[in-house]
Amino acid sequence: MKRQIKEDIAAIGRRLYEHQLNGSYGGNFSVREEEFIYITPSGVPKDELDYSDILVIDFSGNVVEGEGKPSSEILFHIKIYKVRPDVNAIIHAHPPYATGFAIANSSIPNNVHEESTLILGDVPVIPYEITSSKELAENIGKAIQDHNALLLANHGALTVGDTLERAFRRMEELENLCKMLTVANLLGGAKPIPQDKLENLLTLSLTLHF
Ligand SMILES: [Zn+2]
């Protein structure tokens, strides 16, 4: 199996931690390569991950390389890769502002901030189900079909991408957006981009590749 993919996943754990996008124990990340999924283990602090900690599993959840137990949330990783052939990386984290929105069950429309409109689109809140459950994987599997970022009620956030870097950028954008909206809420609430301008803006996303 490829050491570089494991190095990249371990590096994302440190980056998320350093950018205050995740605590030590929360979250899990993975990369799909062909018929295998490289995924973080459970119980290892995300800011201390070494490439050798990363496990490789198959689509039935069997460990094919590595020591230890894979993340308890492998079910939704497998589900996402099955329903989104264009997705090769998943980041699930607990960034404090985005998780605050998830706790408040507050979804984010696609018309409040220009850059976020293009990078994230709208961000729905997935109804609460217990971590690692089949029900949670089912709910995520449905919602991810037409979204690249989700809030998981009373739990955290999830982003996907064709690369790990793109999934990271989306998580960073989501957390920044939730900070901006928190300020906007203090000032009377977000005002939407006018509908006719929004339609023009959305056509840009066809030419700009984020
Ligand atoms: Zn979680």
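User: At what angle do helix 3 and helix 6 pack?
Analyst: Helix 3 (residues 96-103) packs against helix 6 at about 65 degrees, and their axes are 7 Å apart. Axes are lines fitted to C-alpha atoms, for helices over the stretch in contact, with angles from 0 to 180 degrees between N-to-C directions. Helices are DSSP runs (H or I, at least four residues) and strands are too (E, at least two), numbered from the N terminus. This is a predicted model, where local features need pLDDT of at least 70, side-chain atom pairs count only at pLDDT 80 or more, and totals for chains, interfaces and linings use all residues. Residues are numbered from 1 along each chain as its sequence is written, and side-chain values use heavy atoms, leaving out hydrogens and water.

User: So are helix 3 and helix 6 roughly parallel or roughly perpendicular?
Analyst: Roughly perpendicular. That word covers 65 to 115 degrees, while under 35 is roughly parallel, over 145 roughly antiparallel and the rest oblique.

User: Is the crossing of helix 3 and helix 6 left-handed or right-handed?
Analyst: Left-handed, as the near helix is turned anticlockwise from the far one by less than a right angle (clockwise would be right-handed).

User: Which residues of helix 3 and helix 6 meet there?
Analyst: P96, Y97, A98 and F101 come from helix 3, and they meet L174, E175, C178, K179, L181, T182 and N185 of helix 6. Contact means heavy atoms within 4.5 Å. The helix 3 contact with helix 6 counts seven nonpolar, two polar and two charged residues. Nonpolar is Ala, Val, Leu, Ile, Met, Phe, Trp, Tyr, Cys and Pro; charged is Asp, Glu, Lys and Arg; the others, Gly among them, are polar.

User: How does helix 1 sit against helix 6?
Analyst: Helix 1 (residues 3-18) packs at about 15 degrees to helix 6, with axes 11 Å apart. So helix 1 is roughly parallel to helix 6, and their crossing is right-handed. D8, I9, I12, R15 and L16 of helix 1 touch L164, E165, F168, R169 and M171 of helix 6. That contact of helix 1 with helix 6 splits into six nonpolar, no polar and four charged residues.

User: How many residues does helix 6 have?
Analyst: Helix 6 (residues 164-186) has 23, and it reaches 34 Å from first C-alpha to last. That is close to the expected 33 Å, which is 1.5 Å times one less than the number of residues. Just after helix 6, G188 has a positive phi of about 105 degrees.

User: What about helix 2 and helix 5?
Analyst: Helix 2 (residues 74-83) and helix 5 (residues 134-143) pack at about 30 degrees, with axes 9 Å apart. That makes helix 2 roughly parallel to helix 5, and the crossing is right-handed.

User: Zooming out, how many helices and strands does the chain have?
Analyst: The protein chain has seven helices and eight strands. Its C-alpha atoms fill a box of roughly 50 × 35 × 30 Å along the principal axes.
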